[in-house]
Amino acid sequence: MKRQVNIIFIIVFIFILIGPFVYIFFTNDKEYAENENRYLSEKPRLTKDNLLSGQYFKNFESYVDDQFIFRENLYELKTKIQKTIGNKDINGVYLAKDNYLIEKTLDSDIDNKKLLNNIESLNEFAKNNNRRSIQLMVVPTSSLILKEKLPKYAEIFDQDNVLNTIKSSVNDITYIDLRNVLSQHKKEYIYYKTDHHWTTLGSFYSYQEWGKYNNIAVDSNSYFKKVVTSDFKGTLYSKLLDNSIESDEIVIFNDKNQIDYEITYNFNKSKSNNVYNFEKLREKDKYQIFLGGNYPELKITTNNKNQKNLLIIKDSYANAFVPFLLKHYENVHLVDMRYFKQNLDEYINDYNITEILILCNTLSFIK
Amino acid sequence: MVFSSLNFLFCFLPIILIIYYLSPKSVRNLILFIGSLIFYAWGEPIYIFVMLFSTIFDYTNGLLIEKFYLEKNQKKAKIILLNSVFVNLGILCFFKYSDFFISNINNILNINIPLLNIALPIGISFYTFQTLSYTIDTYLRKVNVQKNIIDFGCYVTFFPQLVAGPIIKYKDINNQLKERKESIDGFSYGINRLCIGLFKKVVLANNIGMLWTEISNHPISQLPILTAWLGALCFTFQIYYDFSGYSDMAIGLSKMFGFSFPENFDHPYESKSITEFWRRWHISLGSWFKEYVYIPLGGSKKGKIKLFRNLLIVWILTGFWHGASWNFIVWGLYFGIILIIEKFVLFKYLKKLPSIIQHLYTIILVVISWVIFSFEDMNQGYLYLKSMFGFNHTGFINDYLIYLLKNHSVLIIICTVLSVCFIKIKDIQKKKWYPIVINTGSILLFLLSLCFLIGSTYNPFLYFRF
């Protein structure tokens, strides 16, 4: 009896060992992982150089890891198990109240040197461009505004401290503080539940706040809201692959007095005339509906010929905010410093920039 | 290569098992030898030559010692032995300890010799001790000379124990090189041990280790007492499940090829004294030092003073073996002194105390020892101990501790319960339901471990990587 049980067991185990091997090496490779936002490893090529340096072995291991059978299902199972045993913090994400996922950032994650360097660069930049108005809008993340939703006693980095440091250290720059206005609306849907970005509503309230610093009154009645998808599962969902969570809704605010505009991307490499890229709704990262994603450079030319040219130095938070600004400027330029390799001062001169807005979220300053 | 990787479990292991069992018995040691070399070269394409050198060197020494004995020339045989010891320890010291010695000399003499920064060849602390056990025992006539270089190479490089032990003395398996029996029951036992070990390492050790990392990332001098203790406890569990998990996998894997390895851990956290602890923790290391250092120095048979000296030497060396840093020496000495005190003073009192006090006494001393062990920077280690005993005036508990306990209570409880498991395996092994339960359980543990292994390869980026 024992012998038979053992034989069956051995057969099952060998099958478990061999199955994935056959799957990995004898079926077609997966190329791109939508949930991870990266390309998966390809079959490693054996050459004398990479054998001696050990690189072949590393490539082989990445290949096995990336092409493993049921990879995402097993990952989802791991998350489920962790949730079942009461874990409220998985892979750098807090499972907060009301089905919100909030990014877990700790004080030990703050790179103080980077923070000070960024502030210094900003001040340097302001000095060189002091003939233009410069405004800074650091968007607080949900881990500050929605703090009450975090699991009880959960640790989170002191974002107020970071924002206060930035606010008090910048010279000749108008600091637009969004903490009050966003806190006032914290019971509304101003951050996504499954993504680290703010919702269009959140960026609208911030636009109203921006308006106060720029002598512009914003009437919420001049927009009609349209739900473009109810099926958005964002970056924080990707860290968990928990399919039992509620998806997010993405809303766009259509201006009743819509202005005409044309967009050119990446120094004129392509064009479009819609800030909303509806094709992206068919992909996984639906937040890319705003401007189609992040480009090194983007220019929007409107038919408001008021000779005001705005430059926005940005991260991805700006994408949802930009549509609101279009009617106030003749040209709106967007530059993403992670990918922009040209000389910024020359760019500013060449395009006759009259105003500069730096718009990013707190984490861009400290990581 | 690492056991707890998809690469090892799903590529290397099935391939070597299939080739092994399809081959005739006469070729099987060669297959293990070549397979083990591939296993080693996978991670270290260059340092494999150091290991090959050790193998060929001591194989030759064995032949020479045998030759000189046959010529009745004990003196020359002794020279070969001393040469072997000197060269093996020399290689170990060079790769592992040279920078330690250089930086200490720099500090004492106030000069600035540049460090060598040599990478440590994997497994060198293990295989040099193994080849030494061969030459010493050949000299002492405790084993016959091994004339087959393949068999000897198979012993030295055998992949299950190559990287993290147990330290297998040559005489413990020399018969198994030629006469071992692979069997169905043995193979399934091997799979059981492998699955249990994998679970301990990937599910328990790695996760409780993350908790330790998170706690110790906070400013140490600000940790309240219980939080500091929780951190130390996490490390205590991490090192146990990591090390014993690896040993379980080694024992299981070797059994799948018909080898029976001696046990390396025997529920050490159940001990009632430090003396007992060291009979249950890293048994193969204690045994090696006892046989090849303690007893040759005279052991306990040459009077009290020499006994003290021998114990202190053995424990300093045991500590130093673990790493090239002063905290490890302090750690070894810490145990050496406690063992001496237990042997001469404490033991007769300890025995009379209630069991629970004996257990608490032991586990508290063990947890403290792990704090010394985990901080190479002894200033940090000292600060941490201060936090544990309230000398940093940071209070007893904080909100963070409550959060950790709520979030990770299941993991902590499982780690505690499994480490003091009072079920004797031998009792339940004979039950009718045992095969089904252990085998099904193994499969489940394996799948659970697989989930967590995948977890560490899953890597989402917030922004697209160009």
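In this predicted model, B:Phe101 is partly exposed, with a relative accessible area of 40%. The residue belongs to helix α4 of chain B, which covers residues 74-109. B:Phe101 also contributes to a nonpolar surface patch of about 570 Å².

Attention now turns to the place where the two chains meet. The size of an interface is often given as the accessible area lost when the parts come together. For chain B and chain A, about 5,400 Å² is buried between them, and 71% of this area lies on carbon and sulfur atoms. The contact draws 55 residues from chain B and 63 residues from chain A. Polar contacts are found there too: 13 residue pairs across the interface meet the rule, with both residues at pLDDT 80 or more. On the side of chain B that touches chain A, the elements giving two or more residues are α1 (6-22), α2 (28-43), α9 (184-216), α17 (399-419) and α19 (434-455). Of these, α19(B) supplies the largest share of that side, namely twelve residues.

Side chains of opposite charge can pair when their charged atoms come close. Over all chains, the count comes to 37 salt bridges, and two salt bridges are counted between chain B and chain A. One example joins the side chains of A:Arg3 and B:Asp185, at 3.2 Å from N to O. This pair crosses between chains, running from helix α1 of chain A (residues 2-26), which holds A:Arg3, to helix α9 of chain B, which holds B:Asp185. A:Arg3 is partly exposed, with a relative accessible area of 45%. B:Asp185 is likewise classed as partly exposed, at 25%.

Which parts of chain A does the pair A:Glu148 and A:Lys186 link? The two side chains meet in a salt bridge of 3.1 Å, N to O. The pair links distant parts of the chain, 38 residues apart. A:Glu148 sits in the loop between α6 (142-145) and α7 (159-169) of chain A, while A:Lys186 sits in the loop between α8 (179-184) and α9 (200-213) of chain A. A:Glu148 counts as exposed because its relative accessibility is 55%, and the class begins at over 50%. A:Lys186, with 25% relative accessibility, counts as partly exposed.

A further pair is found within a helix of chain B. The side chains of B:Arg280 and B:Glu276 meet in a salt bridge of 3.0 Å, N to O. Both residues lie in helix α11 (residues 274-280) of chain B, and they are four residues apart, about one turn of the helix. Are these residues buried or exposed? B:Arg280 is buried, with a relative accessible area of 15%. B:Glu276 is buried as well, at 17%; both values fall under the 20% cut-off for this class.

Chain B also contains charged residues joined in a network. B:Asp137, B:Lys142, B:Lys169, B:Lys171 and B:Glu291 are linked to one another through a network of salt bridges.

Key
Residues numbered from 1 in each chain as written. Chains lettered and ligands numbered in written order. Predicted model: local features only at pLDDT ≥ 70, side-chain atom pairs only at ≥ 80, totals over all residues. Heavy atoms only, no water. Patch = residues over 30% accessible without salt bridge, like charges linked within 9 Å, V, L, I, M, F, W, Y side chains within 5 Å. Areas by Shrake-Rupley, 256 points an atom, 1.4 Å probe, with all protein chains shown as cover. Salt bridge = Lys/Arg side-chain N within 4 Å of Asp/Glu carboxyl O. Buried < 20%, exposed > 50% of the residue type's maximum accessible area, 1.4 Å probe, protein only. Contact = heavy atoms within 4.5 Å. Buried area = accessible area lost by both parts, 1.4 Å probe. Polar contact = N/O pair within 3.5 Å; in protein donor to acceptor, adjacent residues only side chain to side chain.
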